[in-house]
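Work through the exercises below with the sequence and the 3D structure at hand. Each task is followed by a solution in steps.

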Amino acid sequence: MTPDQRPGDFAQAMMDLGATICTPKRPACVLCPLRDDCIALARDDPQRFPLKMPKAARPVRRGAAFIAETPDQRILLKTRENKGLLGGMAEVPTTAWTARIDGETGAGAAPFTADWTAKGEVVHVFTHFELRLAIWHANLGERPVAGARWTKIAALGEEALPSVMKRQSRRLYLTHSRPAGEIMTTEIRHIVYDIGHVLVHYDPLVPFSRIIPDPEKRARFFAEVCTDAWNHEQDRGRPWPEAEAEAIARHPQEADNIRAFRAHWEEMIPMFMKIQSHFTSR
Ligand code: SF4
C-alpha cells in the first residue's frame, strides 16, 4: 500500500487522516479525500472499521508481598534493581516474581520470621501479564534489615511506589487496620472518560512532530513503544515513573523519547497550554 514515492509523507498523511477525519467512532466521510475509493463507505458501513482483534489471554504470574509494620507506623521498603520491570522503584519486600516466572506465595518466603497474617490478594494487570500478589502483614519492632529501610507510612507519598504497591497499602489500610482516609487523604470519587476526545482535544503529534521529525520513525514509536494501550494504563492510574520504567525496559534505545512523552504531555492538550498562558500572562 505504501507508495515508492515519498513514503514518509504518505505515512504522515495516513496518521493525520486517522486523527482528524477517519476516526474510529465518527468517520467524517463527507470530508474525506479517499471517499471515492473507500470500500467501507461503498458498503455503507464505515463505522465497522477498524475491526477489533481478539485479545490474547494474559498469562497469570503469582508472588507474595510482605508488609512489616512497627508500632510507630513505619513499614519496611526496599528499592528494586535498576534493570527490568519496575526497575529502580520502591516496594515492600516481595518474592522473586517476573513476567515469566512465579515467585513463592507463602509466609515461609518472608524476609524474616514473624507472625505474618494473610491479608488477601492484590491483582495488578500489566500490559503483557497479570500479577496476583498474596499480601502478608506483621506487626513488629523495628530491626535492621539488609538492603531495606523503615519508612513512615505518612511519608509513603514521597516514595516512588508503583501502583501495584499502592494497591497493597490501600488493601491493607483501608480494609483491615485503619480508618479510611488515613492513608488515602485524597480519595478519587469520580472519573470522567473523554472517549473520542469530545471534551478535550488531545494530540501527541503536537510535540512529537518536533521530537521525532521522521514520520516513519514517529509512526513506529507510537505503534510499538508508547502505544495507546501503554498510555491507557496511565489513564487507569499507573504512575509516570512506573510507565516510563516499563517502556524503557521494552525499548531501552528509545529512553529519551519515552521520557519526552511525560515531559511534553501538556503540549499534547493545546487547550491546557492556552489556559496556562492565559493565567501566566495576567
Ligand atoms: S470515506 Fe472511508 S476512509 Fe474516508 S472517512 Fe469514511 S470510512 Fe474513513
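**Exercise 1.** State where R58 is placed, and decide whether R58 is buried, exposed or partly exposed.

Step 1. R58 lies in the loop between α2 (39-42) and β1 (60-69). Helices (H or I, at least four residues) and strands (E, at least two) are DSSP runs, numbered from the N terminus. Residues are numbered from 1 along each chain as its sequence is written. This is a predicted model, in which local features need pLDDT of at least 70, side-chain atom pairs count only at pLDDT 80 or more, and totals for chains, interfaces and linings use all residues.

Step 2. R58 counts as partly exposed because it has 13 C-beta neighbours inside 10 Å. The cut-offs are 20 or more other C-beta atoms within 10 Å for buried, 12 or fewer for exposed, and partly exposed in between, with C-beta atoms placed from the backbone.

**Exercise 2.** Find which residues R58 is in contact with, leaving aside neighbours within four places in sequence.

Step 1. Two residues are in contact if their C-beta atoms, placed from the backbone, lie within 7 Å.

Step 2. By this rule R58 is in contact with V125, H128, F129 and E130.

Step 3. For H128, 70 residues from R58 along the chain, the C-alpha atoms of the two are separated by 6.1 Å.

**Exercise 3.** Describe the surroundings of E130.

Step 1. E130 belongs to strand β5 (residues 130-139).

Step 2. With 14 other C-beta atoms within 10 Å, E130 is therefore partly exposed.

Step 3. Beyond four places in sequence, its contacts are R58, V60, V123 and V125.

Step 4. E130 and A99, 31 residues apart in sequence, are 8.5 Å apart in space, C-alpha to C-alpha.

**Exercise 4.** Which strands does β2 pair with, and in what sense?

Step 1. Strands pair if DSSP finds at least two bridges between them.

Step 2. β2 (residues 74-79) runs antiparallel to β6 (residues 148-152), joined by five bridges. In this pair, L76 stands opposite W150.

Step 3. β2 also pairs with β3 (residues 90-91) in the antiparallel sense, over two bridges. Here T79 stands opposite A90.

**Exercise 5.** Find where pLDDT stays under 50.

Step 1. pLDDT is the predictor's confidence in each residue, from 0 to 100. The protein has a mean of 80, and 82% of its residues reach 70 or more.

Step 2. pLDDT stays under 50 over residues 173-188, with 12 contacts beyond four places in sequence, and over residues 278-282, with zero such contacts.

Step 3. Where pLDDT is low, the predicted coordinates should not be read in detail.
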